[in-house]
Amino acid sequence: MMERENWPMLLEKDIHSVVVSMVDQDGLPISAYMDVMLADASGVYFLTSNNGRNLYHDLNRSRVVSVCGKTDGDYFHAKMVSLKGKIRNIGKDRVDELIERNPYMKKLYPDEQPDRRKILDVFQIYEGKGTFQEFSANPPIKVNFVFGK
């Protein structure tokens, strides 16, 4: 059975690419796929660039976001995590750490070209609540969790 403390690893390692929903400049809902760079008891972390992308500005504008993702497989053979929480831009402090944790990012932002990373900012969902669900079990598993409090 899923333990409350295991949801971050599932989100970061097994799901990784998630849908993040926020609000756009008109206050309307908008969603984007993002990769979870790190998830732990202190929150969920994403990277994106400040190169004129709407996503960057939408994340900065949003006070709260929702995230959902699932492992590969059909509905009855997948694990799902959904959460909502408060988000903030924490700047560049953890950019290198997150790229080290996700080596595929080095293709875009290689160690030999550190200036390329200057456009990246780290966003943290620092407080929220969520649900883990798995329907392959009988009865289905549903675990609620909170983080950042």
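Of the 149 residues of the chain, 43% count as buried, a term that denotes under 20% relative accessible area, with exposed meaning over 50% and partly exposed the range in between (1.4 Å probe, protein chains only). The structure is a predicted model, in which local features need pLDDT of at least 70, side-chain atom pairs count only at pLDDT 80 or more, and totals for chains, interfaces and linings use all residues. Residues are numbered from 1 along each chain as its sequence is written, and side-chain values use heavy atoms, with hydrogens and water left out.

The chain contains three helices and eight strands, assigned as DSSP runs (helices H or I, at least four residues; strands E, at least two) and numbered from the N terminus. Their order from the N terminus is α-β-β-β-β-α-β-β-α-β-β. The C-alpha trace spans about 50 × 35 × 30 Å along its principal axes. With contact defined as heavy atoms within 4.5 Å, 60% of the contacts between residues at least 6 apart in sequence join residues at least 24 apart.

A nonpolar core is a set of buried Ala, Val, Leu, Ile, Met, Phe, Trp, Tyr and Cys residues joined through side-chain atoms within 4.5 Å. The largest such core has 28 residues, and those with the most contacts inside it are L11, V20, V44, F46, L59, L83 and I125. Apart from this core lies another, of 11 residues, among them Y45, L47, M105 and L120. Beyond its neighbours within four places in sequence, L59 is in contact with V20, M22, M34, T48, V65, I87 and F123.

M22, one of these partners of L59, is located in strand β1 (residues 17-23). This residue counts as buried because its relative accessibility is 4%. With neighbours within four places in sequence left aside, the contacts of M22 are L28, P29, I30, A32, L55, D58, L59, S62 and V65. Between M22 and F132, which are 110 residues apart in sequence, the C-alpha to C-alpha separation is 21 Å.

Helix α1 (residues 7-15) contributes W7, P8, L10, L11, E12 and I15 as buried residues. H16, which follows α1, has a positive phi, near 65°.
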